[in-house]
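Open the model in your viewer and get ready to select things one at a time. Each stop below says what to pick and what you will find there.

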Amino acid sequence: MEPLRNLRRRKLRAALTIFGIAIGIFAFTVMGSMAEKINQLVGGALDFWGESISVEPESGGGFGGFFPVSVTEQIEALDGVDFATPSAIVLFGNPEDQAFSFGAPNLVFGNRLSQAWVERVQEQGLEVVEGRFLQPGDRGKIVVGSDLADKEDLEVGSTALVQTREFEVVGILQRSLQFTDAFAFTSLEDAQEILAEQFPLLTTSDVATGVQVYGEPGADLDQLASRIDQLPQVRAESPEELRSQIESGTVIFNLIIFGVALVAIVVGGLSVINTMIMSVSERTREIGIKRAVGAKTRHILAEYIGEAALIGFIGGLTGFAVGWILTLIINDQTRDTGTVLFTMTPRLALGALLFSLVLGAVAGIYPALRAARMNPVQALRSM
Amino acid sequence: MSEGIDTRAHSGQGLGPFTGEEGKAPADDLILSARGLVKRYPMGTDNCVNALRGVDLDLRRGGFLALMGPSGSGKSTLLNVIGTLDQPSEGRLWLDGRELTEEPHSRLPDIRRRLIGFIFQGFNLIPSLNALENVVLPLRYEGSPKSEARRQGTELLEMVALADRLHHLPTELSGGEQQRVAIARALVMKPALILADEPTGELDSTSSRLIMELLSGLNQKGQSLIVVTHDPTTAAYAERIVRMRDGLIVDEEDPAEDPPAV
């Protein structure tokens, strides 16, 4: 293969150029697989919550506020609501320990275990790989995500310590590579008791940190959300709002990827252009010979663009392979802590390799045009 | 050396019929005909150098012509113009019945590949390709199937007695061997005309003799040849010697009648 042989003729220079491309594609691969992980989490969140309305206390949900569980009944009374499930979210570990932890905190979702909710969330992908899912009437039981199970060394039948309370693990969720891998699910009442211990000033334990509202088939959820929003003490987030809120969070990651790709283009591309221009200058006489034996412009263009594309591809393959291996090693190291940072997807792999190939080829166009436009007589005279 | 190759059956037919002007087309028995070839090279904004100043030249099919003359006389320029590597400023040129000066620039690589074989003083082989790959290079540009190209290349290298050097790189070959590879490459498209620029210029006398005997043998089988040379011994193999000076043909002789001084 002539292009490969031509690269071998200038080993050090070719290696340095390939190294330049490899660094760019390495960064692209690592950052890209982190972004893919984020996209996967976002996609999972949208699948999980995107078909329902999230209602929070007006003062802020999660750990920022509470409202009485009775709000659920007010919401369920509205037209178009199929059912609503109050939930209380608590930290799995000690709040003090979580302050300096890396990655998303492990959360426990306490939900009212109605038959409708149990069926609905399992349809949305919360499947158990071991044991069983929660059932109406369960108390002191917990179902944990696979990453959390790995991190805390939990299995079906073992005891999970959530803050100060012990739970029996009844099921392990199937790994979804989404946020639920790091979460656990229990009953609303159990979560409420933890909240009451955590916040001793609460006058009643019958509080929720949020309500998940599911519409009747065909109901306009955005419209329903605005009607819920008019109820006192609550703020409803329509699926559309949630979608735009979550997706705006991914913009930053996509910008990082774009930035890395841009650096790869500038550094790698310029280095390929430089190498190929030197190569054209050194092989001027060869170009003259090839023109003399009947090579057309397109033959010369194809040869030099092909060589540049090969440089790009080898660099891309190297950078991608090293990047991938590194993400596998880091994932392996951090899996025990319940944090999986990287996800390699076929589109990222294909994107990285195609990108490097195209980058090389595009960078080769200018040097190739210089070669193809050479006067054959002058080219043959060159030493 | 093998004699199995018919060098007369060149493959330029694919380029289409002869389209020269009626009444001005060269006679059928001429492989090459040049009329009033002028080549000027600009020097600065106002001046130019006249490398060719109106050259008329004919070569019959199967002819062997040696171009001689001092450096700067225009021999190589004439060879480049005939070989379509360079375009004349004025004049007309026919090759194998086709008026090259009328051809669009984009067609010239095809014409060059199919009608003309080049042999250079410095051998001009591609260093990263082995002997066989160098020989089949024009076939690669022609788009010939690989196996067919290999077959033809091998046959030609056998013909020039390099059957055992097929996979050697140019750096692993002697000067004489490299020039024989170059000859095989020049023949691979069965060209109408071979142009050789100082083909023995970098060879010792033994290798020079071998190369000229090879070229002479090809000519005897019908291959048309033009050789540019300073060397009277090399020129002696030709049937005609044309001398140039200052961009003009100044003398022509038949070595059989008037052998050049060696």
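Predicted model: local features only at pLDDT ≥ 70, side-chain atom pairs only at ≥ 80, totals over all residues.

**Stop 1**

**Stop 2: the whole of chain A**

Now select chain A from end to end. Its C-alpha atoms fill a box of roughly 95 × 45 × 35 Å along the principal axes. The radius of gyration of chain A is 29 Å, while a compact globule of 383 residues would be near 21 Å. Switch to cartoon view and look for 13 helices and 12 strands. Of its 383 residues, 43% are buried. Take the contacts in chain A between residues at least 6 apart in sequence: 80% of them join residues at least 24 apart.

**Stop 3: chain B**

Chain B has 262 residues, and 48% of them count as buried. Among its contacts with a separation of 6 or more, 72% come from residues 24 or more positions apart.

**Stop 4: where the chains meet**

Bring both chains back. How many residues of chain B are in contact with chain A? There are 16, and they touch 15 residues of chain A. Select α2 (108–115) and α4 (137–142) of chain B: each supplies at least two residues of the side that touches chain A. The largest share, 4 residues, comes from α2(B). Finally, colour this side of chain B by class: 8 residues are nonpolar, 3 polar and 5 charged.

Conventions
Residues numbered from 1 in each chain as written. Chains lettered and ligands numbered in written order. Buried ≥ 20, exposed ≤ 12 C-beta atoms within 10 Å, placed from the backbone. Contact = placed C-beta atoms within 7 Å. Nonpolar A, V, L, I, M, F, W, Y, C, P; charged D, E, K, R; others polar. Rg over C-alpha atoms; globule rule 2.2 N^0.38 Å.
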